[in-house]
Amino acid sequence: MTDYRRDRTPGATWFFTLNLADRDSHLLTERIDLLRTSFRYCMTRHPWSIDAIVILPDHLHALCTLPPGDANYALRWRQIKSGFSRAMPPCETLSASRRSKGERGIWQRRFWEHRIRDEEDFARHVDYIHHNPRKHGHVERVADWPWSSFHRYVKSGILPRDWAGSGNDLSHGAGEW
């Protein structure tokens, strides 16, 4: 088995991508209630700050900051993924490998992470997260996607409601806040 090397900088901010095993699935948006419950359950036990997030039908992106001295983002994602999976009725096809390990076949086993290096890196990833539903063709205007922290940014006055609505201008100065 491959030995993945993960950066374990305590208290850092991270960009994450998590995918469903079935990339044609719409479970994350169809069962957003279960996903939210799983997030809430995890965050009561292992708090962290979700700086930006978008939930798409088959994957999610999140920008999260861990508390000082804490580098255990893997524990949080394991709890979120397993909580969501346990709440789902069994309906997926299981490989022999997953069946032998007692796993569900809802999520891809791994996730992708990137430690945020500076304010510019942070701003680029916030833009990427908020623009993602439009990039994938789910909406024409970023504001039309309901499962995004974009709406929190608009309410806070960080972004205008028409940001990335019809043009390609993605600059907004997220690093300034």
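The model is predicted: local features require pLDDT of at least 70 and side-chain atom pairs count only at pLDDT 80 or more, whereas totals for chains, interfaces and linings use all residues. Residues are numbered from 1 along each chain as its sequence is written, and side-chain values use heavy atoms, with hydrogens and water left out. A disulfide is taken as a pair of cysteine sulfur atoms within 2.5 Å, and the structure holds zero disulfides. Cys42 is buried, with a relative accessible area of 0%, and Cys64 is likewise buried at 0% (buried, under 20% relative accessible area; exposed, over 50%; partly exposed, in between; 1.4 Å probe, protein chains only).

Helices (H or I, at least four residues) and strands (E, at least two) are DSSP runs numbered from the N terminus.

Helix H3 (residues 73–87) comprises 15 residues and reaches 21 Å from its first C-alpha to its last, close to the 21 Å expected; the expected span is 1.5 Å times one less than the number of residues. Its buried residues are Tyr73, Leu75, Arg76, Trp77, Ile80, Lys81, Phe84 and Ser85. These buried residues pack against strand E1 (13–19), helix H1 (27–30), helix H2 (32–45), strand E3 (59–65) and strand E4 (112–115). Beyond neighbours within four places in sequence, Trp77 is in contact (heavy atoms within 4.5 Å) with Phe16, Leu18, Phe39, Trp48, Leu60, Ala62, Cys64 and Phe111.

His61 is found in strand E3 and is buried, with a relative accessible area of 3%. Its side chain makes polar contacts with the side chains of Thr17 (2.8 Å) and Asn132 (3.3 Å). A polar contact is a pair of N or O atoms within 3.5 Å; within protein, one must be able to donate a hydrogen and the other to accept it, and residues adjacent in sequence count only if both atoms are side-chain atoms. Not counting residues up to four places away in sequence, the residues touched by His61 include Phe15, Phe16, Ile53, Tyr128 and Ile129.
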